[in-house]
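Colleague: I would like to learn how to read a few features of a model. Please take them one by one.

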Amino acid sequence: MGRDVAQGAFSREDRVRYRQKVRRCLDVFALMLDDFGFDADRPMTGLEIELNLIDSTAEPAMRNEEILAHIADPLFQTELGQFNLELNALPRLIEGTGFADYENDLRGSLARADERAAKSDAKILLVGILPTLTEQHLIAENLSTNERYRALNDQIVGARGEDIELDISGVERLRTHTDSIAPEAACTSLQFHLQVAPDSFADYWNASQAIAAVQVAVGANSPYLYGRQLWAETRIALFEQATDTRPDELKAQGVRPRVWFGERWITSIFDLFEENVRYFPPLLPICEDEDPVEVLHAGGVPRLGELRLHNGTVYRWNRPVYDIMDGRPHLRVENRVLPAGPTVVDMLANAAFYFGLARALAEADRPIWSQLTFSSAEENFHAAARRGMGAVLHWPRLGDVPVTELVLDVLLPKAAAGLDGFGVAPAQRDRLLGVIEQRCRTGRNGAAWQTEAVWAAERHRGMDRAAALHHMAQRYAELQRSNEPVHTWPID
């Protein structure tokens with residue numbers, strides 16, 4: 001949902017007109033899927049990384065607008081909280097040395113941004129949830145000044161009609177209330193984009209849903225919130241709760257949440273857009289001047305602005321995307337399950353694992369989704385978020401299996417074959433998948449390192465929890481800049 005918003009209050013007429021335009025866009029999208037030429041000859045990939053800004057003591061630095069002006073790079077944008085930024089990598093092919101090109105570009109961009117953030121006494125931290133955040137940090141006053149975030153906050157809180165409850169039980173328990181969506185700003189993610197053809201979209205989306213749990217288990221990096229150790233990937237529970245527009249009565253009626261795993265395997269991308277329109281009322285009813293029917297009949301490429309905006313306010317963990325580049329429309333799976341960090345090489349290892357495994361399963365003779373129930377995929381997802389590397393997942397023909405065993409024995413070879421299908425250079429394939437292998441052999445991902453480091457600071461240095469979290473975050477920031485994968489990081 002990256003569009004700017006010029007208005008914060010919407011009339012009944014706005015909502016009626018918007019709903020009509022969304023449905024008109026949906027009808028046009030259906031026609032386009034039947035006989036339009038989508039760009040899918042050479043599938044591009046993309047990455048988005050959400051960033052935290054911290055000061056010298058590892059406290060959140062509420063200065064993103066000032067720092068963005070210093071950076072002066074269109075690849076960087078604001079995000080929900082004043083301590084957040086987003087970096088959008090340039091889309092590229094991953095064949096050959098594409099991953100090495102990603103690495104060089106990302107490291108260069110982050111280094112320049114870090115250097116310029118220093119002018120504001122800040123630096124960048126790549127982590128799923130900044131471990132030093134407190135409830136006093138995550139308040140409406142600390143939302144970014146861009147009006148779209150304020151409007152989104154007003155609409156979500158207004159739709160709910162009461163405070164948002166956060167109730168997360170993990171190693172410890174957090175139960176609190178908030179009067180804004182500001183806690184969502186704690187969730188800093190790593191998002192992958194994979195361009196696909198219309199006739200193969202369902203296969204790639206289904207494959208992405210099936211492996212979401214495995215991604216989260218091996219990539220977890222968000223164990224702390226408000227000083228408490230919760231889930232290995234607390235970001236999953238926090239995001240689901242912090243943007244929930246439903247009071248308890250609507251939950252009891254089975255109304256779908258806006259942060260949504262989904263409820264079934266699909267046969268077409270249209271299924272997802274149609275569900276979004278059918279189940280979810282508009283949050284930001286902003287209409288464009290375009291008549292998509294007229295544009296289509298004139299031989300043009302409709303923007304479908306209202307449908308795209310609406311789609312951006314339904315937070316599927318694997319989101320369907322319609323977009324236009326260089327005058328040609330294309331479709332993408334946007335994979336949103338992973339946290340940021342710990343290092344660039346860790347994030348690219350996660351990318352290689354996802355792109356390779358998604359392709360291998362999407363093109364398999366016997367689809368994984370014909371063997372795994374959708375409810376099992378969702379249960380796996382939340383089990384992985386809770387336990388990370390210690391998760392036990394249900395998998396066809398294996399039953400309940402430790403995720404590390406599943407990855408090492410079954411999924412890494414498939415991911416390698418999928419990367420070969422993309423034409424990834426063998427050296428790049430082996431280096432990045434080797435990071436995933438070693439995480440599984442050592443049992444250490446970002447979440448495991450964070451909890452071990454905090455435990456050591458509390459036991460061996462005599463620190464209380466708050467001091468231990470600050471100490472850990474500062475050490476994390478130092479090690480992050482080495483670009484050595486997290487499974488090699490020392491505990492000291």
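Colleague: How many residues has helix H16, and what span does it reach from its first C-alpha to its last?

Modeller: This is a predicted model, where local features need pLDDT of at least 70, side-chain atom pairs count only at pLDDT 80 or more, and totals for chains, interfaces and linings use all residues. Residues are numbered from 1 along each chain as its sequence is written, and side-chain values use heavy atoms, with hydrogens and water left out. Helices (H or I, at least four residues) and strands (E, at least two) are DSSP runs, numbered from the N terminus. The expected span of a helix is 1.5 Å times one less than its number of residues. H16 (residues 465–480) has 16 residues and reaches 22 Å, close to the 22 Å expected.

Colleague: Which residues of H16 are buried?

Modeller: An α-helix has 3.6 residues a turn, so residues three or four places apart point the same way. Buried means under 20% relative accessible area (1.4 Å probe, protein chains only). In H16 the buried residues include Ala468, Leu469, His471, Met472, Tyr476 and Gln480.

Colleague: What covers the buried residues of H16?

Modeller: Contact means heavy atoms within 4.5 Å. The cover includes strands S1 (45–54), S4 (123–125) and S8 (224–225), together with helix H15 (446–460).

Colleague: What share of the protein chain is buried?

Modeller: Buried residues make up 59% of its 492 residues.

Colleague: How many helices and strands does the protein chain have?

Modeller: The protein chain has 16 helices and 15 strands. Its C-alpha trace spans about 70 × 50 × 45 Å along the principal axes.

Key:
Buried < 20%, exposed > 50% of the residue type's maximum accessible area, 1.4 Å probe, protein only.
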